[in-house]
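Hi there,

Here is the structure I promised to pass on to you. Have a look at it first, and then read my notes below.

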Amino acid sequence: GIGANAAVMADGSWEMPFGPVPIDQELAAAVVRHAPVTVDATAHLREHSLEVQVPFLQYFQPKLTIVPILFSHLSYAACATLGRGLATAVKNSTREVLLVASTDMSHYETRETAQRQDRLALERIADLDPEGLYETVSRHNISMCGVIPTVITLIAAQGLGAEQAALVRYTDSGAATGDTSQVVGYAGWVVR
């Protein structure tokens, strides 16, 4: 909850376990040019989602560069504008770009409740329906913390020609802890 509602880091690097990961300044500048984002490092100070994803990416791509973008709560119209702008920035890039959105699904529900609620959101992702995802999460009060970046990424992916979404795996924290009375849901997707 600090910083701009759509905050990008445009320079520097992130210190990660496998070494520093530089910010792709060229792509960051394109994002700033085409999408209504603000260059704002303060928004990134207390957010951990990037630190969770980047080590995996860096393991498979040692020459990884990133453009960190954080989103607060936004209207669907704002998400649509951001997604289209992000797609334009990626289309104009001279490099291959992977878009990654990070989110948990339901938080601290029974396994049964989490699976029921998460299924509603997962159906919208499977259908490449970002507006439906936005409305479903709101209407059913699903505690999917990264619904905004997921919606924006789906819009950008569609703008880049995506036609399908494949669920890699859905699980919850109870699979590791054995406690199914208060789980956090997790899902991995590949959108092409």
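Let's start with S49, which sits in helix α2, the stretch of residues 49–60. Please keep in mind that this is a predicted model. S49 has a relative accessible area of 18%, and because buried means under 20%, S49 counts as buried. Which residues does S49 touch, leaving aside its neighbours within four places in sequence? They are L70 and S102.

Next, the aromatic rings. A pair of such rings is described by two things, the distance of the centres and the angle of the planes. The count here comes to three aromatic pairs. In one of them, the ring centres of Y59 and F60 are 5.0 Å apart and the planes stand at 90°, so this pair is edge-to-face; the angle cut-off for that label is over 60 degrees. Y59 is exposed, at 55% relative accessible area, and F60 is exposed too, at 66%.

Y76 and Y134 also form an edge-to-face pair, with 5.7 Å from centre to centre and 70° between the planes. Where do these two residues lie? Y76 belongs to helix α3 (residues 76–91) and Y134 to helix α5 (residues 130–139), so their pair ties together parts that are 58 residues apart in sequence. Y134 is buried, with a relative accessibility of 17%.

One last thing to look for: F18, Y59 and F60 are linked into a cluster by ring pairs.

Enjoy exploring, and write back with any questions!

Best wishes

Methods: Residues are numbered from 1 along each chain as its sequence is written. This is a predicted model: local features need pLDDT of at least 70, side-chain atom pairs count only at pLDDT 80 or more; totals for chains, interfaces and linings use all residues. Side-chain values use heavy atoms; hydrogens and water are left out. Rings of Phe, Tyr and Trp (its six-membered ring) pair if their centres lie within 6.5 Å; planes under 30 degrees apart count as stacked, over 60 as edge-to-face and the rest as tilted. Buried means under 20% relative accessible area, exposed over 50%, partly exposed in between (1.4 Å probe, protein chains only). Helices (H or I, at least four residues) and strands (E, at least two) are DSSP runs, numbered from the N terminus. Contact means heavy atoms within 4.5 Å.
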